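Trainee: Could you walk me through this fold before I set anything up? I'd like to start with the overall layout and then go helix by helix.

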Amino acid sequence: GSSGIGSTAIAMAKAFGVSKVIVTAGSEEKCDACLRFGADVAINYNDESEDGKLDWTTKAGKVDFILDMVGGEYLNQNL
């Protein structure tokens, strides 16, 4: 979420009226950057204490869009 593509995606999602932008990043610093870019929730995928945070965040509804620029082993986690 904190890369150039990720930060642009956050800004575009907000500009198009997405009500909740949830991102993942690999460090607290990157998560903080995503929040500054406008994300509503940032999950550090390297922090085991954050396991289940996405389930809690999305329990009230579905996820409409996933942007996964890495794919591979992370794809199933994102779904």
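Predicted model: local features only at pLDDT ≥ 70, side-chain atom pairs only at ≥ 80, totals over all residues.

Mentor: Residues are numbered from 1 along each chain as its sequence is written, and side-chain values use heavy atoms, with hydrogens and water left out.

Trainee: Which pattern does the chain follow along the sequence?

Mentor: Helices (H or I, at least four residues) and strands (E, at least two) are DSSP runs, numbered from the N terminus. The chain has 4 helices and 2 strands. Read in sequence order, they give α-β-α-β-α-α.

Trainee: What percentage of the residues count as buried?

Mentor: Buried means under 20% relative accessible area, exposed over 50%, and partly exposed in between, with a 1.4 Å probe and protein chains only. The chain has 79 residues, and the buried share of them is 25%.

Trainee: How far does α1 reach from its first C-alpha to its last?

Mentor: Helix α1 covers residues 4-15, which is 12 residues. The expected span is 1.5 Å times one less than the number of residues. For α1 that is 16 Å, and the model comes close to it, with a reach of 16 Å.

Trainee: Within what arc do the buried residues of α1 fall?

Mentor: The buried ones are Gly6, Ser7, Ile10 and Ala13. The arc is that of the directions from the helix axis to the C-beta atoms. Seen down the axis of α1, its buried residues line one face, because they fall within an arc of 125°.

Trainee: Which elements do those buried residues of α1 pack against?

Mentor: The opposite face, turned away from the buried side, carries the exposed Gly4, Ile5 and Ala15. Contact means heavy atoms within 4.5 Å. The partners of the buried residues are β1 (22-25) and α2 (28-37).

Trainee: Why do the buried residues of α2 line one face of the helix?

Mentor: In α2, Cys31, Ala33 and Cys34 are buried. Down the axis of α2, its buried residues line one face because they fall within an arc of 160°.

Trainee: And which elements do the buried residues of α2 pack against?

Mentor: Glu29 and Arg36 are exposed, on the face turned away from the buried side of α2. The buried residues of α2 pack against α1, β1 and β2 (41-44).

Trainee: Which residue with a positive phi follows α2?

Mentor: Just after α1, Gly17 takes a positive phi of about 90°. After α2 comes a residue with a positive phi near 125°, and that is Gly38.
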